[in-house]
Amino acid sequence: MTDREPSAQTQTDLVRSIFGDPVAIDHWRESQAPRWLVEGFLARSGVTLLSAKGGAGKSLLVTDLAVRLAAGDEGEWLGAFHISPGPIRVAIVEAENGANRILRRVRELVMGDAFPPELADAARDGLKLFPAESLQHREHIIETLPALIAEWSIDVVILDPLRSFLPTEVGDENDNVAIGRVLDNLVSSAKRSMAAIMVLDHDSKAGGAARGASSKQDAAEIVWQLSMPDSNDDDYYELKAHKQRDPGGPSRLALTRVKGYRDESGMRPIRFDRADIREPNGRTSETSSTLDDRIVALVEKVNKATGHGLSVRRCADELSVSKDKIHRRAKYLSTSGRIYQPQGGSLYPLGAYPNEQE
């Protein structure tokens, strides 16, 4: 063996220092489903990208979610996504807005009955705010995220917006290689810490999700875009999934931004409600009879596959329709004898519910 040839042990150490140890295929039995914090929207050990036009309301939407997570508000969000039991510790790292604007969003959401004031107060210990005026050396924030997560046992980190935290060596948002490495580092941090990382970004000039390098969407596990597709109604929004590596919940839903009048303090009540998806002509996406047929077909499909009924929430998620509308149509379908719904519970095909009365 020459001096240039590494010993077997040196080569083994080198390989393992780079690749780590291989995982045996027989560990498939211990594999786990995605660890959702918000089912279909935000999961541990992953990166979610949320994109929208500047000023479209993505920061307000995320503030609404962050407060609910930190307060342990288990249940539905936007009438579509299910929040896991908490409290869930959240850090908002906000480069564009100061503390007063972030807190003003919370106050206006409370005024708009998005959630009660007690819930906002309950988020005190679980929500860590890092506003623009407190941030130093922004170019080092991404590489320091693991330390931030460990310091406060953070479950969710929200970076708003991504471009403000790019390292100095990234001179162009269109550089796929450089941007790809940044996102890869975020993915690595999420997987090692088992935290969820959400990055907010602006739409491209052409209106696509996430401006600049396509590697942003390639690296993120989940990509959402918040848009205002109805030019006649600037309070109608659609939230659409461009990528869901592990699908769960709806892939498209409509929201209405409910706004009240400003009071003497200059504050304006505001909240987001679930709405029916509109077609480009402004009409809702389908007639009641068409929706009825889809509900019946889905109920039969789920029962055949699982032997169980289909909850109203799951039905609304699968069909991208508001839960209230599914409630109304399910009541009609049960009364007209097309499905069976015991005491307002899950939906079953006729004759499939174990205790169904003839």
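Predicted model: local features only at pLDDT ≥ 70, side-chain atom pairs only at ≥ 80, totals over all residues.

**Overall form**

The secondary structure of this chain amounts to ten helices and 15 strands. The C-alpha trace spans about 85 × 60 × 40 Å along its principal axes. There are 358 residues in the chain, and 47% of them are buried. As for contacts with a separation of 6 or more, 64% are between residues 24 or more positions apart. The accessible surface comes to about 19,100 Å², and carbon and sulfur atoms account for 47% of that area.

Let me turn to the aromatic residues. How many aromatic pairs does the structure hold? The count is nine. One aromatic cluster is formed by Phe 41, Trp 77, Phe 81 and Trp 224.

**Enclosed space**

I come now to the cavities. Which elements each supply at least two residues of its lining? They are the helices α2, residues 58-71, and α3, residues 99-111, together with the strands β6, residues 90-94, and β8, residues 156-160. Helix α2 provides the largest share, three residues.

The lining residues of this largest cavity are Ser 59, Val 62, Thr 63, Ile 92, Glu 94, Ile 102, Arg 105, Ile 158, Asp 160 and Leu 200. Sorted by class, five of these are nonpolar, two are polar and three are charged.

**Open pockets**

The largest pocket holds about 480 Å³ of space. It is lined by 20 residues, and those nearest its centre are Gly 55, Gly 57, Leu 60, Arg 101 and Arg 105. Please note Arg 105 in particular: this residue lines the largest cavity and also belongs to the lining of the largest pocket. Helices α2 and α3 each give at least two residues to the pocket lining, with α3 giving the most, four residues. By class, the lining of the largest pocket comprises three nonpolar, six polar and eleven charged residues.

The second largest pocket contains about 280 Å³ of space. Its lining has 15 residues, and the closest to its centre are Pro 167, Glu 169, Arg 181, Val 182 and Asn 185. Two elements give two or more residues to this lining, namely α5, residues 141-152, and α6, residues 176-193. The largest share, six residues, comes from α6. Divided by class, the lining of the second largest pocket has six nonpolar, five polar and four charged residues.

**One residue in detail**

Is Ser 215 buried or exposed? Its relative accessible area is 9%, and because buried means under 20%, Ser 215 counts as buried.

Which residues does Ser 215 touch, leaving aside those up to four places away in sequence? The partners are Asn 176, Ile 179, Gly 180 and Leu 183. Their numbers fall within the range of α6, residues 176-193, the helix that gives the largest share of the second largest pocket's lining.

Thank you for your attention.

Note on methods
Residues numbered from 1 in each chain as written. Heavy atoms only, no water. 1 Å grid on protein atoms, 1.4 Å probe; cavity = no way out; pocket = protein on both sides within 12 Å on 5 of 7 lines; lining within 4 Å. Nonpolar A, V, L, I, M, F, W, Y, C, P; charged D, E, K, R; others polar. Phe/Tyr/Trp six-rings, centres within 6.5 Å; stacked < 30°, edge-to-face > 60°. Buried < 20%, exposed > 50% of the residue type's maximum accessible area, 1.4 Å probe, protein only. Contact = heavy atoms within 4.5 Å. Areas by Shrake-Rupley, 256 points an atom, 1.4 Å probe, with all protein chains shown as cover. Points joined across faces, edges and corners; volume = space filled by probe spheres on them.
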